[in-house]
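Subject: Structure for your attention

Dear colleague,

Please find below the sequence and structure that I am handing over to you.

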Amino acid sequence: MDPTGNKYREEHRRSLGDPEGFWLGAARAVEWTVPPTRAFDGSLAPAGRWFPDAELNTCFNALDRHVAAGHGGRPALIHDSAMTGVQRTYTYGELTELVARFAGVLRDQGVGRGDRVLIYMPMIPEAAIAMLAAARLGAIHSVVFGGFAAGELAVRLKDAAPKVVVTTSGGMEPGRLIEYLPTVHEALAKAEMERLPVIVKHRDGFAGLPGGLALNTVDWDAALAGAAPAAPVPVKATDPLYILYTSGTTGTPKGVVRDNGGHAVALLWSMANLYDIHAGDVWWTASDVGWVVGHSYIVYGPLLAGATTVMYEGKPVGTPDAGAFWRVIADHGVKALFTAPTALRAIRKVDPEAELLGRHDVGHLQTLFTAGERLDVDTYHWAGRVLDVPVVDHWWQTETGWAIVGNPRGLDPLPIKAGSPTLPMPGYDLRIVDGLGAEVAVGEEGNIVLRLPLPPGTLPTLWGDDQRFVDSYLGAFAGFYATGDSGYLDGDGYVFVMGRTDDVINVAGHRLSTGAIEQVVGTHAAVAECAVIGVADVLKGQKAVGYVVLKAGADIAPDDLEKELVALVRREIGPVADFKTAVVVDALPKTRSGKILRKTMRQIADRVDYTVPSTIEDRGVIDALIPVLTRR
Ligand code: COA
Ligand code: AMP
């Protein structure tokens, strides 16, 4: 260990000064069918491509390669379900065989290179198998988180235009079963794709489709039994591996595209150097395959590295208690855990002194990584105290696919500063700029931007929409990618990420768009206009709250309207929006050009300093709103 950070600084400097040399070096960790002769081609639209002349298969690198090296008997995936009480381990040999056969099932459904496969599944092994099987064929998967309802699923179906849907009977939330098939049915109808083949992994205990409804169903088990294994199909490094939809500022989600080559290179670099996880280590990411964290670090990262990945179906609390995480660490000898701060806060709330830790031997645990939202200082100290291991925050987003800022534990563990995810990772040239793009002084908050090109593994574009990619990320600051986050640097270059500059909010580590919620609320017959803002929440970081102006003559009691709006958002977006509060107000504060002052509303609700913009149309509106916004 070199606590001076010299090794880190040298690597970071080299990655920016000689990106070709640095990333071609990192690319040697991948087994290519055609190795790259150059790292980056900036002439390829819209913002350049990594490893433009190389070919590989990501599934081969994640599975077959380890079997061929004699590690077929090593555990690849441990599925631990706190919901069913079942644990199952798949070796690399077994997982390769299953994935190859499920790839055969997909191929029998006509799926080939470049086709899309939409996966709507909870945290069951078949979700990972389906992802890897699509990758094996050179197809493009798009996983949709199970907490999204039919409306969101339909939008993704329409945009990705898949050849097949892979799903299951349902998922399990504490105290209730989530029936997936009615949702899939409704979404397919909304998207006018009723005839699409739907491969269903049946799980016991679910009701299935109500009588009278039908899907073009293929039974997972029966199809698998009859399928011949499919071999990995080499694809171009620049071909998409997956599309993952994420919230933007508008109601329409953005289809973040991940390529095959850059992704494999970046994830392999990160497993070794950022997380210090190597072949044979046991690694657990407590997230969901529906999020980027699940894509990168439940499925691809650990398997590419030849490690053992734990896939957990359950919650940090209530399944059955706040010792669930400690139990999983002990049962499987987990070396490092990656989770969201909200999960730690949930545990702390129930078991403030982590007394349940005493029941489990967590001696294998060496590091706790967190991301998904800012690791607040209080939770950082609490987790470090109770677990007695380094607690390492790192900052990234769906778009980047891996850490922008982190603490490279495998390379050169840097001193941790509470509240900071530490320093930029290789390939990221990070600056803090004001609204006009000028760099701000040390300690001053501004927009966090990244000089182009972004490193391998980051998004090359948005699915089917290069222009939206350029407009969303590259338009605001010439030559830079706008992260949408604000923050500042301290004198040592440590980055402090403070929050979003747009209408994206973060609820329990889940990224949501207030614009999407507003769009749904606005469809209610009694609503003239509305503003949804994310207000600070002790447990979940933020919570979406709606402020609604009624149409003239609308005859509905505020409580009834709230109930209807909550139900509407739950039905259209899904329970994950966690939208529980809608308040009727007389008017919304606006600028003279009609823009609702959401930021000012949020600042007032969070009781932080605010300045009312001079462009406000009617100052009286905001004064009248203050008692409503600050009411708890
Ligand atoms: N399918 C269906 N419903 C789901 C769901 C899923 N996959 N995931 C969540 N929901 C539901 C919940 O049951 C809840 O429903 P309710 O309103 O009926 O209670 C609602 O969506 C809101 O869920 P959530 O905000 O997650 O609240 P919670 O009280 O169930 O759990 C935490 C709180 C903190 C324990 C939980 O959010 C958590 O573990 N967060 C970590 C997030 C994470 O890993 N993020 C990934 C980035 S690293
Ligand atoms: P997602 O795309 O869902 O991963 O969400 C990305 C957003 O979550 C970022 O743009 C940040 O706003 C926030 N975020 C994620 N990780 C962190 C972190 N470690 N610190 C601060 N904010 C974070």
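Domain bounds here come from an automatic or database domain assignment. On that basis, the chain is divided into domain 1 (6-314 + 394-487) and domain 2 (510-629). Please note that this is a predicted model, in which local features need pLDDT of at least 70 and side-chain atom pairs count only at pLDDT 80 or more, while totals for chains, interfaces and linings use all residues. Residues are numbered from 1 along each chain as its sequence is written, chains are lettered from A and ligands numbered from 1 in the order in which they are written, and side-chain values use heavy atoms, with hydrogens and water left out.

The two domains

The centres of domain 1 and domain 2, taken over C-alpha atoms, are separated by 33 Å. Contact (heavy atoms within 4.5 Å) joins 19 residues of domain 1 to 14 residues of domain 2. The buried area, meaning the accessible area (1.4 Å probe) that two parts lose on being put together, summed over both, is about 1200 Å² between these domains, and carbon and sulfur atoms give 46% of it. S247, G251 and W291 supply 32% of the area that domain 1 buries against domain 2, more than any other three residues.

There are 2 salt bridges between the domains, a salt bridge being a side-chain nitrogen of Lys or Arg within 4 Å of a carboxyl oxygen of Asp or Glu. The side chains of E572 and K190 meet in a salt bridge, at 3.5 Å from N to O.

Ligand 1

Where does ligand 1 lie? Domain 1 and domain 2 both give residues to its shell, so ligand 1 lies between them. The ligand is surrounded by 24 residues (a heavy atom within 4 Å), and the closest are E173, A508, K540, R570 and K580. A polar side-chain atom of R570 lies 2.9 Å from an oxygen atom of ligand 1. Taken alone, ligand 1 exposes 940 Å², of which the protein buries 83% (Shrake-Rupley method, 1.4 Å probe).

Ligand 2

Around ligand 2 there are 15 residues, the closest being H394, T398, D485, R500 and R511. In the side chain of D393, an N or O atom is 2.8 Å from a nitrogen atom of ligand 2. For R500, a side-chain N or O atom is 2.7 Å from an oxygen atom of the ligand. Taken alone, ligand 2 exposes 490 Å², and the protein buries 93% of that.

Yours sincerely

Technical notes: A polar contact is a pair of N or O atoms within 3.5 Å; within protein, one must be able to donate a hydrogen and the other to accept it, and residues adjacent in sequence count only if both atoms are side-chain atoms.
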